Amino acid sequence: MFARIARLRFLALLTFSSLTAARDDSLFTSSVTYCSPPETLLIQQFDIAYFAKNQSIWFNISAASVDPNVNVTANVMLNVYGMHPVNFTIDLCSLFSGALCPLPMYNFTGSDSIPIPSSLGVSDKIPSIAFQIPDLEAYAQLSLTEVNTGVLKACVQATLSNGWSTHQVAVEWATGALALLALLSAFCYSFTPGTLAPFRLFDLLYLYQWTASTALLDLNYSSVYRAFTTNFAWAMCLFPASVTSPIQTSINNMRHLTGGTMADATGGSAVALVNRKLSPYNAMSSSTFSASSDQYAGIGTENLWASFNTSSANYVSDISVASVQELSTAGDVQLVTPSSANVLQAGVPIYVNSVGIATANSFMTVFLVVLMIAATLLAVLFVGYCVLAATSRYRRRTGGYITDWHHRYFSFARAWLLRVCLIVFTPVTIFAFYQWTLKDSWLSIFLSVILFLAVVGYILYSIVLVHRLALRSAPSELYTQPDLLASCGPLYAIYRLERFYATTPLILAIFVKALFIAFSQDNGVVQIVAILVVECMVLASLLVLRPHKSRGADVLATYLAITRVLCTGLMIAFLENLNLGAIPRVVIGIVIAVIISVAVIVMFINTLVNMGIMRLVPAHYRRRPGATPGSLDAEKGAENDEKDWRPRNPTPERNIPLDPDVNQPYPDSPSQTLTDHQSVYSEESGSTTLGSLLPRRWSIQQSQPSNRSRSNSQSQYSTSQSNYSPSRSNHISNASSPRQSIPPSPLHTQSPSHSRQPTIDEHPPFP
């Protein structure tokens, strides 16, 4: 019966085996709802738990039968991942010699633990995987149908859970701690525009935001993947909240005072209000809201009731009018039918309600969080400016560096404002657009327009400044203007000179995806196809442009783009039109969660590397056998971007040929030696380089010798360099000038006159 569920055994045990050892195997009801208008049965509380260790059932039920003279049959149906392993109907009139026919009017309130007889074989019907797989997709349904008319008198649904979920508070704190670590690293390294740490902060948070945004589409996600994405809801400015949260209460009051009519968040689980066609119900409306009455199975029902061996008088009492009114007005159990207005559809409604936020409150929650972030940023920048101003005034006479930073601080503040706008760009655009589709509160719509224009406007303003300067003059001007580089550097500082525009395609892609997420909520096919095309275009742009200064940075950006394309492609399986089974969707959801988790781990390692953690590792452990320092510099990638374009000085490590004349002793006649070398040069080359412009760093000015020793040293150095260049044609820059245009010797390290120091063999003996 549960043969198909067994396919998940290996994956679930591999992932959660270490956790399940600390918890007893159990199944319990996680939510209870009416699946038809309550006429005969009213429920205020319905908590049932089954413990596999001692095969017992614990219950805490408060219910009442309020309709007199009703003869009913009870249908019990269990739905597990779209399958129905249990589905039987019992004629209550045949039980206890007709004591339940008609159904007595009782108010039942009680709580107890009852052992289940082993003769029923309940433990054999429940596989062990049901106690270990996270976010179990199962529910039980009880339907009471009148015998004579066939009218459905009562219908109750209860979702089942085993206590395991991919949504973990520890994961939220861990991802938040990683983001905080990246923020501190970005702040410390943001004083230099070209460093990678500030850019990796955006990459990390965008990975979080993209993960959360993948659950906002009109798709039939598996419960395990939907719960996994809620770990990153905080990155979308959607922090988990409760019904009594002051922020949510204030938003509710504001909406209702400004024309809002949509429902507030409920105190119970959002799973109870999910559309029954979606996970975890996985049932069509025809099978969900009607009970099968052609299956009658005893399955030891008489033994079940007899085994309780309890007196009903302990729990049952005659019903009263007051108790009926109390149960009928209780808000714990809600009515959910296909025509109910409180049904949560796929996409934004299910996701935001899963974290305790009402659908109509989603944008206002994002708005308030963005205001808090902006206020924190302004406060930190203001404190920093005050400290810098005080330090600059105190060290006015000696503080050149402090004074320079005092003038550049405004550009530094603008750069961080731009970074914050880029970080909040994804949640602001998605939920601002979505707020326009709700048409709920005019004040919420007005504030969404203001925030959208502020964030998008500042980003566009910075992009225009960069592109205008690059197009009017040259892209190299972007790196020669300190103020522009310091303020708008987050847009282009890590890219190559000719690829300064590489951030623009990503920003445009985020904007286009937000349009489809918000305005195509009723068509999952359009959403997933459009977003997949956009992600493929972003990946293609990275492969073609290769915009970063180092190969390592290009590899990381390409890897993240491939992750987005792969996960988006796998989400095609969540389309409702495909009618894919629940178990394959669960497997695909777990695979996507694993892929994203690996990407988060990669970003964690990258954050540590950008913080300089590799400096703590000894050099001989970091260097591979046979590797040269030059090759190590090339392999560092993102950390040493500037080494790819800076000119390299001639050093022994770069295999520059050594001049054989360097090790020769000083000649007795330096003038004769100079004459010989010049004559040899004239005979062998046959040409000169008169008037040639050579690099200034290789141009040296000979000073007039003050004594014989200085003359010998200078002459020997000048002549010994005549054989340094293979072409032997770039030694004399001007025939009438003593300036010599020659490269320095690899062994010559420092000397104002560029004279070679004598070797140990050349020193005269001590007197």
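Buried means under 20% relative accessible area, exposed means over 50%, and partly exposed is what falls in between (1.4 Å probe, protein chains only). We're working on a predicted model, where local features need pLDDT of at least 70, side-chain atom pairs count only at pLDDT 80 or more, and totals for chains, interfaces and linings use all residues. Residues are numbered from 1 along each chain as its sequence is written, and side-chain values use heavy atoms, with hydrogens and water left out.

**Exercise 1.** Classify Asp264 and Arg255 as buried, exposed or partly exposed.

*Solution.* Start with Asp264: its relative accessible area is 32%, so call it partly exposed. Arg255 has 0%, so that one is buried.

**Exercise 2.** Find the salt bridges that Arg255 makes with Asp264 and Asp440.

*Solution.* First, the rule: a side-chain nitrogen of Lys or Arg lies within 4 Å of a carboxyl oxygen of Asp or Glu. Arg255 and Asp264 pass, with N to O at 2.7 Å.

**Exercise 3.** Is Asp440 buried or exposed, and which residues does Asp440 touch?

*Solution.* Asp440 has 6% relative accessibility, so it's buried. Now look for contacts, meaning heavy atoms within 4.5 Å. Skipping residues up to four places away in sequence, Asp440 touches Arg255, Thr258, Gly259, Gly260, Thr261, Met262 and Ala360.
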